[in-house]
Amino acid sequence: MIYKTVDPRSIKDNLIKCLAEEWALITAGGKDGYNMMTASWGFMGEMWGADSLAVVVRPQRYTMEFIEKNDYFTVSFYGDNKDIHKVCGSKSGRDCDKTKEAGLTPVTGEKYTYFKEARMVLVVKKQFVQQMTEDSFVDKAVIDRWYPEKDYHYMIIGKIEQVLMAE
């Protein structure tokens, strides 16, 4: 796939709809190893004077280990191809080669990884990481519905440094 770099503010897609319906892959790591996971939660806007993106990752996810060790991560979108998400959302990179099983072609650099099959890739520099805590929830119904195991997400906020759009 050939990509062009675009300004984050020129993205025409409804990113709420993309995350909720199309889903995305969060990928962290580079040439020394990476992992990716399916995500359908997150948000985008301006933070600390920069175009930014926030994602959430549960502590037990293998991808979280790579997020902790690396300064960059990518969030990539694949259109209607849910087969990628069936693998990356249900299997652990600890136990299998998700790249191979999902039929993905990695583009791996020093700082980050994405996949040639993506229609859009956001390259994000990590700026903030914090785990949610029970006492932070104002609406306790959220805890009952989404956190029966008390495995509260980490919120990762980063500055969008590059957006790659497939041509």
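This is a predicted model: local features need pLDDT of at least 70, side-chain atom pairs count only at pLDDT 80 or more; totals for chains, interfaces and linings use all residues.
Colleagues, I begin with the largest pocket, whose lining is made up of 14 residues, with Met37, Thr38, Ala39, Ser40 and Arg61 lying nearest its centre. If we ask which element supplies the largest share of the lining, it is strand 3, residues 33–39, with three residues. In terms of residue class, six of the lining residues are nonpolar, six are polar and two are charged.

Let me turn to the second largest pocket, which holds about 160 Å³ of space. Its lining consists of Phe128, Gln130, Gln131, Met132, Thr133, Ser136, Phe137 and Met155. Here strand 9, residues 120–131, gives the largest share, again three residues. Four of the residues lining the second largest pocket are nonpolar and four are polar, and none is charged.

I now move to the salt bridges. How many salt bridges does the model contain? The count comes to nine, and I shall discuss several of them.

One of them joins Glu46 to Arg9, with the closest N and O atoms 3.3 Å apart. Glu46 belongs to strand 4 (residues 42–47), whereas Arg9 sits in the loop between strand 1 (3–6) and helix 1 (15–22), so this pair ties together parts that are 37 residues apart in sequence. Are these two side chains buried or exposed? Glu46 has a relative accessible area of 52% and is therefore exposed, the cut-off being over 50%. Arg9, at 60%, is exposed as well. This pair also has a further partner, for Arg9, Glu46 and Asp51 are linked in a network of salt bridges.

A second salt bridge is formed by Arg119 and Glu22, whose closest N and O atoms are 2.9 Å apart. This pair links distant parts of the chain, since Arg119 is in the loop between strand 8 (113–115) and strand 9, while Glu22 is in helix 1, 97 residues apart. With a relative accessibility of 24%, Arg119 counts as partly exposed. Glu22, by contrast, has a relative accessible area of 12% and is therefore buried, because buried means under 20%.

A further salt bridge involves Asp32 and Lys31, and in this case the closest N and O atoms are 3.8 Å apart. Both Asp32 and Lys31 are exposed.

Finally, I would draw your attention to Pro8. Where in the chain does Pro8 lie? It is found in the loop between strand 1 and helix 1, the loop that also contains Arg9. The relative accessibility of Pro8 is 16%, so this residue counts as buried. Which residues does Pro8 touch, once those up to four places away in sequence are set aside? They are Met44, Asp51, Ile160 and Val163. As for Gly45, its C-alpha atom is separated from that of Pro8 by 9.7 Å, and the two residues are 37 residues apart along the chain.

To close, I would return to two points on the displayed model. The largest pocket takes the largest share of its lining from strand 3, and the second largest pocket from strand 9. Thank you for your attention.

Note on methods: Residues are numbered from 1 along each chain as its sequence is written. Side-chain values use heavy atoms; hydrogens and water are left out. On a 1 Å grid over the protein atoms alone, a cavity is a set of points where a 1.4 Å probe fits but cannot get out, and a pocket is an open set with protein on both sides within 12 Å along at least five of seven lines; lining residues have an atom within 4 Å of a point. Helices (H or I, at least four residues) and strands (E, at least two) are DSSP runs, numbered from the N terminus. Ala, Val, Leu, Ile, Met, Phe, Trp, Tyr, Cys and Pro count as nonpolar, Asp, Glu, Lys and Arg as charged, and the others, Gly among them, as polar. Grid points are joined across faces, edges and corners, and a volume is the space filled by probe spheres set on the points. A salt bridge is a side-chain nitrogen of Lys or Arg within 4 Å of a carboxyl oxygen of Asp or Glu. Buried means under 20% relative accessible area, exposed over 50%, partly exposed in between (1.4 Å probe, protein chains only). Contact means heavy atoms within 4.5 Å.
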